[in-house]
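Please keep the structure in view while I talk.

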Amino acid sequence: MTSSRSAVEERALADACDAKGDHDGAVNALARATRLGDIAAMTQLGKRLLVGTNAPLLPKEGMRFLVDAARAGGAEAPARLAVLAAAGLYREQNVAEALSLVVAAAQRGWQPAQAQLLALRPDRELAEAAGRSAAEWQGIADTIDLAYWQSAPERQVLSSSPEICTFAGLIPPAVCDWLIDRSSGQLGRALVYDPVS
């Protein structure tokens, strides 16, 4: 039986299914919207299958949907693929390609990618992202020193027993600000492991 719903209606159905706890129904609705060429559904379905969140764990299929969404012009999909390229998950690690994918996402208007590029640039100033052209995003990326981000600062041993070290300048202040902003509203008390109890 073929659905007569539009891709937007299928995505709305997916949200409704998720709200009821019917995650299989949500995945099926996203799959139907993906078959209709909906980039947002393709991206959502890819993310779910990649990590198995409220969906079967099918990383190859999830990657394929993200690649298809990126090729179709999706803004979020290249940013998600950048994480996989940088970490070497389900593919060979390639940090330069990861940066190119972040640039693509920024150029397409994905605000988290824009914030990442602004945080990684050498002057470490977090400037306003609005109104930048595609060429400006590439220009910002061209100033990022990947060697710096792939090296560790020298450690300073504060105590040898127990071993406690510090790494001065491990994360620049602008990146700390970006991380704090990204985690706002999601922080909780750290769980402490007690081996006795």
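This is a predicted model: local features need pLDDT of at least 70, side-chain atom pairs count only at pLDDT 80 or more; totals for chains, interfaces and linings use all residues.

Residues are numbered from 1 along each chain as its sequence is written, and side-chain values use heavy atoms, with hydrogens and water left out.

Staying with α4, this helix has 13 residues and reaches 18 Å from its first C-alpha to its last, close to the 18 Å expected at 1.5 Å a residue, the expected span being 1.5 Å times one less than the number of residues. Its buried residues are P59, G62, M63, F65, L66, A69 and A70, and here buried means under 20% relative accessible area, exposed over 50%, and partly exposed in between, with a 1.4 Å probe and protein chains only. Seen down the axis of α4, these buried residues fall within an arc of 160°, so they line one face of the helix; the arc is that of the directions from the helix axis to the C-beta atoms. On the other side of α4, K60 and R71 are exposed. As for what the buried residues of α4 pack against, the partners are α2, α3 and α5, with contact meaning heavy atoms within 4.5 Å.

Turning to α3, we find 13 residues and a reach of 19 Å from the first C-alpha to the last, close to the 18 Å expected at 1.5 Å a residue. The buried residues of α3 are A41, M42, T43, L45, G46, R48, L49 and L50, and they pack against α1, α2, α4 and α5. In the loop between α3 and α4 lies N54, which has a positive phi of about 50° although it is not a glycine, and which is partly exposed, with a relative accessible area of 39%. Y90, in the loop between α5 and α6, also has a positive phi, near 60°, in a residue other than glycine.

Which residues touch the most other members of the largest nonpolar core? Of its 40 residues, they are L45, L81, L117 and W137, where such a core is a set of buried Ala, Val, Leu, Ile, Met, Phe, Trp, Tyr and Cys residues joined through side-chain atoms within 4.5 Å. The largest share of this core, seven residues, comes from α6. If we leave aside neighbours within four places in sequence, L117 is in contact with L99, V102, V103, A106, W137, I140, A141 and I144.

I come now to the charged pairs. The structure holds eight salt bridges, each being a side-chain nitrogen of Lys or Arg within 4 Å of a carboxyl oxygen of Asp or Glu. In one of them the side chains of R48 and D18 meet at 2.7 Å, N to O; R48 lies in helix α3 and D18 in helix α1, so the pair ties together parts that are 30 residues apart in sequence. R48 is buried, with a relative accessible area of 12%, whereas D18 is partly exposed at 24%. A salt bridge also joins E76 and K47, again at 2.7 Å, N to O, and since E76 lies in helix α5 and K47 in helix α3, this pair ties together parts that are 29 residues apart in sequence. E76 counts as buried at 14% relative accessibility, while K47 is partly exposed at 29%.

Two items remain, both further along the chain. The structure holds one aromatic pair, formed by Y148 and W149, which is edge-to-face, with 5.0 Å centre to centre and 90° between the planes. By way of criteria, rings of Phe, Tyr and Trp (its six-membered ring) pair if their centres lie within 6.5 Å, and planes under 30 degrees apart count as stacked, over 60 as edge-to-face and the rest as tilted. Finally, a cis peptide bond joins S161 and P162, with omega about 0°, and P162 is found in the loop between β1 (155-160) and β2 (163-167).

Key
Helices (H or I, at least four residues) and strands (E, at least two) are DSSP runs, numbered from the N terminus.
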